[in-house]
Amino acid sequence: MKLENFPIEIQPYLIPKETGRLIYRCLGCGGEHPIKKLLYTCPDCGQVLLIYDSDFSRLKKIPGDLWHKIFDFRRMLTIPALKGIYRYHEFIGSVIPLKSIIYLGEGHTPIIEANSILQEMAGVKFYYKNDGQNPSASFKDRGMASALTYIQYLIQNNIVSDVLAICASTGDTSAAAALYASYMNPHVTSAVILPHKKVTPQQLSQPLGSGAAVFEIPGVFDDCMKVVEALSEKYNVALLNSKNAWRILGQESFSYEIAQDLEYELEKTAVIVPIGNAGNITAVISGFLKFFEAGIIPALPKIIGVQSEHANPVYQYYLEPDRHKRKFVPMAVKPSVAQAAMIGNPVSMPRVIHLANEYNKKAGEKCTFFVEVTEQDIMDWELRANQNGHIACTHGGETLAGLVKARQLGIVHADDVAVIDSTAHMLKFSGFQEMYFENRFPAEFNISPNPELINTPTFVRPKDLADIPLPGKPLAGAKLDKFVQRVSEDIANILELKEV
Ligand SMILES: *Cc1c(COP(=O)(O)O)cnc(C)c1O
Ligand SMILES: [Zn+2]
């Protein structure tokens, strides 16, 4: 709809202006630094940063119900810059002009209510939020849209030129980084560093297809991250991992969309996300906090982070109930089907510790929880979900397993509503489904297929048939009729079909 056709009183709010004062704030020493430069860590103490708006209080002057109208009416605009995560411009990158915004179709992924069979199994009403329906098929596109928009802004202001963007990845970060960088060809090129044989073939094909320089090294993600950190400290490159606080800003849109799609009523709601490098849960907590502080949502939802037993350093940290006695210990990870979350030393841990504490304080009670699940449960719940109409990846299986666990532990109640994150599309991780169906998981995964969930193709080749179609040699006439008749008979027998 064109701007002039909206109600007159909403028109001044619909096209966001460049407002606010964004700054990097250090979570270690509290130091603040201007955003004129791309910083990853505090120049004074080396800690990770978050981006804050030091003029945030101006956003509180707009009443909550007016914000609801602004976001709801913005849905109807056809301006590309406002069709994705920047619908929430004031909360994501308020100083960025619309002409800098990169939009490739990210965000506004659907929330899909589970059918009654699945809700009964989980013991609670729940929705999947399908972040696999982003352009590179994972939620990472949200953060990449924000990080590359910021780079575009720096380029347009002649602060940088010819950017080489780099990242370490468990597969999806590199797919997203390479996609967004390629859109900014020739001003931005990308290089990605992957752990050899620890990303799926689909994920490897993505940065290759986007034209990135792809490097595979021995080890796991944590090793790749060290290499990328060394490169970004010594050379003139732009780091696109979630250490980059601009990634976090973009990923906050996940929370804003849940708020909007649930009519801003989040009391008795639980939001469940997997944790790897902990950038996602950082953003989800931060997003809800900002909407709460601005008076857009009157209540904070419960947030539940899920980890596999094979990569659970965040879960381990929170096992200690006394906040002051907790101590973070990085761990050596074991193989996990939730491969994008196979991280033993999450870069965003200080952010999680800081924000979870703030969150619980603002909520007035404990509202952040951490649960662990088995590899077996992750696979079983992914398959159950997808046999009931979903497109969950293994991490989507992990969040459903986490929901079931949280119900058992009494964290989620029968009258709550849960929104669980399927962080990527199931097709990216179809190899694990294959291993399950063919019972060839290596022992260290600890997964034995449940026969009820196995599904394999049946090869139909009637023994009594002399002639079958072969490449370049199709059948015709009576031979084709015979073939069709015998094959359909066999299929009908297997399916126990009745004649009409
Ligand atoms: C990156 C990723 C995760 C983990 O997110 P973090 O921000 O690293 O905690 C989970 N699932 C998928 C599919 C991912 O790509
Ligand atoms: Zn500092």
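**Reading a predicted fold, feature by feature**

Me: Which residues of α11 are buried?

Reply: In helix α11 the buried residues are Ser253, Phe254, Ser255, Tyr256, Glu257, Ile258, Ala259 and Gln260. Buried means under 20% relative accessible area, exposed over 50%, and partly exposed in between (1.4 Å probe, protein chains only). Helices are DSSP runs of H or I with at least four residues and strands are runs of E with at least two, numbered from the N terminus. This is a predicted model, in which local features need pLDDT of at least 70 and side-chain atom pairs count only at pLDDT 80 or more, while totals for chains, interfaces and linings use all residues. Residues are numbered from 1 along each chain as its sequence is written, chains are lettered from A and ligands numbered from 1 in the order in which they are written, and side-chain values use heavy atoms, with hydrogens and water left out.

Me: Why is α11 described as largely enclosed by the rest of the structure?

Reply: The helix spans residues 253-261, and eight of its nine residues are buried, so the remainder of the structure largely encloses it. After α11 comes Glu263, with a positive phi near 55 degrees.

Me: Where is Arg142 placed, and which residues does Arg142 touch?

Reply: Contact means heavy atoms within 4.5 Å. Arg142 belongs to helix α6, residues 140-156, and its 0% relative accessibility makes it buried. Leaving aside residues up to four places away in sequence, Arg142 touches Ile85, Gly107, His108, Thr109, Lys129, Asp131, Asn134, Gly250, Gln251, Ser253, Phe254 and Glu257. By contrast, 49 Å separates the C-alpha atoms of Arg142 and Asn493, which are 351 residues apart along the chain.

Me: Which residues other than glycine have a positive phi?

Reply: Two cases may be set side by side. His108, one of the residues that Arg142 touches, has a phi near 55 degrees. His108 is in the loop between α4 (89-92) and β4 (111-113) and, at 25% relative accessibility, is partly exposed. Ala278 has a positive phi of about 75 degrees and lies in the loop between β10 (269-274) and α12. With a relative accessible area of 3%, Ala278 is buried.

Me: Which residues does a cis peptide bond join?

Reply: The bond between Asn185 and Pro186 is cis, with omega at about 5 degrees. Pro186 is in the loop between α7 (172-183) and β7 (188-195).

Me: How many aromatic pairs are there?

Reply: Rings of Phe, Tyr and Trp (its six-membered ring) pair if their centres lie within 6.5 Å; planes under 30 degrees apart count as stacked, over 60 as edge-to-face and the rest as tilted. By this rule the count is 22 aromatic pairs. Phe71 and Phe291 are stacked, at 5.6 Å centre to centre and 15 degrees between the planes. Phe71 is in helix α3 (residues 64-74) and Phe291 in helix α12 (residues 279-293), so their pair ties together parts 220 residues apart in sequence. Phe71 and Phe291 are both buried. Tyr436 and Phe437 have ring centres 6.3 Å apart and planes at 80 degrees, so they form an edge-to-face pair. Tyr436 is buried at 0% relative accessibility, and Phe437 is buried at 15%.

Me: Which residues do ring pairs link into a cluster?

Reply: The cluster comprises Phe56, Trp67, Phe71, Tyr88, Phe91, Tyr256 and Phe291.

Me: Which charged residue sits over the ring of Tyr52?

Reply: A charge sits over a ring if NZ of Lys or CZ of Arg is within 6 Å of the ring centre and within 35 degrees of the ring normal. The charged end of Arg25 is over Tyr52, 4.2 Å from the ring centre. Likewise, Arg384 lies over the face of Trp381, 4.5 Å from the ring centre.

Me: At what angle do α15 and α16 pack?

Reply: Axes are lines fitted to C-alpha atoms, for helices over the stretch in contact, and angles run from 0 to 180 degrees between N-to-C directions. Helix α15 (residues 375-386) packs against helix α16 (residues 394-408) at about 100 degrees, with the axes 7 Å apart. This makes the two helices roughly perpendicular (65 to 115 degrees; under 35 is roughly parallel, over 145 roughly antiparallel, and the rest oblique). From α15, the contact uses Asp377, Ile378, Met379, Trp381, Glu382 and Ala385, and from α16, Thr394, Gly397, Glu398, Leu400, Ala401 and Val404.

Me: Where is His425 found, and which residues does His425 touch?

Reply: His425 is in the loop between β13 (417-422) and α17 (430-437), and its 19% relative accessibility counts as buried. Not counting residues up to four places away in sequence, His425 touches Gly132, Ala137, Ile391 and Cys393.
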